[in-house]
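Let's take a walk through this model together, starting with one local detail and then stepping back to the whole.

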Amino acid sequence: MSTTAQIGVTGLAVMGRNLARNFARNGYTVALHNRTAQRTHDLVEQFGHEGDFVATEKPEDFVAALERPRRLMIMVKAGEPTDAVIEEFAPLLEPGDMIIDGGNAHFADTRRRERTLRERGIHFVGTGISGGEEGALHGPSIMPGGSAESYTSLGPMLEKISAKAKDGSPCVTHVGPDGAGHFVKMVHNGIEYADMQLIGEAYQLLREVGGCSPAQIAEIFRTWNTGRLDSYLIEITAEVLSHVDAATGRPFVDVVADQAEQKGTGRWTVQIALDLGVPVSGIAEAVFARSLSGHADLRRASRGLAGPKASALTKSEAAAFADRVEQALYASKIVSYTQGFHEIAVGSAEYGWDIDLGAVSAIWRAGCIIRAAFLDRIRAAYDARPDLPSLLSDDTFAQEIAAAQDDWREVLVAATRQGVPAPGFAAALAYYDALRAERLPAALTQGQRDFFGAHTYRRVDREGSFHTLWGGDRSEVTA
Ligand code: NBP
């Protein structure tokens, strides 16, 4: 076996196969391995002409085919399979070699694996990859963690196979040490959930309040896609809404069961945000909305509950309503990205990753599911002020929200009046209003906590912690 391959990919289901082809199409020799050898042979048979592949069956042969330091990429199902594959290959590697996990691993698992392998001198590069199977083949957005040393060796290859932004820059950056890449990929997916939920709410409002058909809404989305909402998700929404079911002749969206599924990264984003104390209410509403949709029995049992008396909009009101929904969608989108970037900033501080938020927004501009013109603007905001406390502190975004807010509020009034749920829009607006509030009812919460549990409180006019003797003469004591 000649040691000629610059990279090896084990796990050749849809993602691994396409990434292997992407490396080969970019001129790299790629060693191939899969638990079930048939997948390896199928790849070579179907796509062998695309580049140089070294097909292997035994782990020893796979490792022997790799040039040193070895770059071994794992593309298997996240969780136990990843640990099983690491255990299989790590004993065959040498100090300085790299294991790259491109699966959707939980960042805490990545931290654990990185620590264990570091002790054996092996670089473990937990790498978030977004873009689905098309992205894997034609250029994904890539979020590698791991050591800076491993990026020196691996980075140029990832840059070559990654998506390129409009200005030509590759959509990959060394996000930070150990689990930073998978953490950022997790938040990317959380933001993706929020984006999809907000788009879903816009669709539902246009349909039920605006009285538009799916085909008309598809046209509205197409128009929006030429403006500031220009993004992959808006683009595919128009495609899905204009699609007609061949079997029934009905709009496709009307024949699909309305129960959204999830694989877990959105839920992780919220779970970790709870642990870190970061309010990602928009992302949480998106995860909950998917859960609610799946409770078919509960929904059936609740269908008879009373709703408001709805009155339809006139034609001219409906046209104006579409413009308002665009404002609400855009403003809510700014809020979900604000929340997502806040989670990354807090995670980065907690784990000592020193993540460059501007660089993260730059690598999401192409290749990934949330790619959007909008991300250029986020990058510009962080470039102008790397210590920006929040995207809402950026003058441009603040001005845009200020201009959108009346319509945003009107849309929520209409939604509430007509009984159409819009939890993403509402959560985003509540977050915005809470942040700008002079006083929050948290003061009352602190009073209650002190009353029933002597939890103490701080005062606005003096330093220190205090307790009121609620059961006594209600005098205040220093805690
Ligand atoms: P799957 O997640 O469906 O995993 C299938 C692969 O895992 C096959 O190669 C299978 O081998 C292998 N595998 C399993 Br399952 N258990 C194994 C074990 N114990 N030992 C060795 N190999 C094992 O593949 P995928 O959809 O291509 O995704 C790969 C990774 O990329 C996942 O972590 C996924 O979350 C992530 N990802 C997916 C997407 C996407 O759009 N699909 C996007 C971004 C990231 P076999 O052939 O022998 O059964």
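Where does Pro-69 lie? Look in the loop between α3 (59-64) and β4 (71-74); helices (H or I, at least four residues) and strands (E, at least two) are DSSP runs, numbered from the N terminus. The peptide bond leading from Arg-68 into Pro-69 is cis, with omega near -5°.

A word on the ground rules. This is a predicted model, so local features need pLDDT of at least 70 and side-chain atom pairs count only at pLDDT 80 or more, while totals for chains, interfaces and linings use all residues. Residues are numbered from 1 along each chain as its sequence is written, and side-chain values use heavy atoms, leaving out hydrogens and water.

Now step back. The protein has 20 helices and 10 strands. Its radius of gyration, taken over C-alpha atoms, is 25 Å, close to the 23 Å from the globule rule (2.2 Å times the number of residues to the power 0.38) for 479 residues, so the protein is as compact as a globular protein of that length. Buried residues (under 20% relative accessible area; exposed is over 50%, partly exposed in between; 1.4 Å probe, protein chains only) make up 49% of the 479.

What holds the middle of the picture is nonpolar cores: sets of buried Ala, Val, Leu, Ile, Met, Phe, Trp, Tyr and Cys residues joined through side-chain atoms within 4.5 Å. The largest has 89 residues, and Phe-221, Trp-364, Trp-408 and Phe-425 have the most contacts inside it. Helix α8 (residues 180-208) gives the largest share of this core, 14 residues. Take Phe-425: not counting residues up to four places away in sequence, it touches (heavy atoms within 4.5 Å) Leu-198, Glu-201 and Trp-408, among others.

Leaving aside neighbours within four places in sequence, Arg-21 is in contact with Leu-43, Phe-47, Glu-50, Phe-53 and Leu-137. Arg-21 counts as buried because its relative accessibility is 7%.

Asp-178, in the loop between α7 (148-161) and α8, has a positive phi near 30° without being a glycine, and at 13% relative accessibility it counts as buried. Ala-454, in the loop between α20 (442-453) and β8 (457-458), also has a positive phi, of about 50°, but at 44% it counts as partly exposed.
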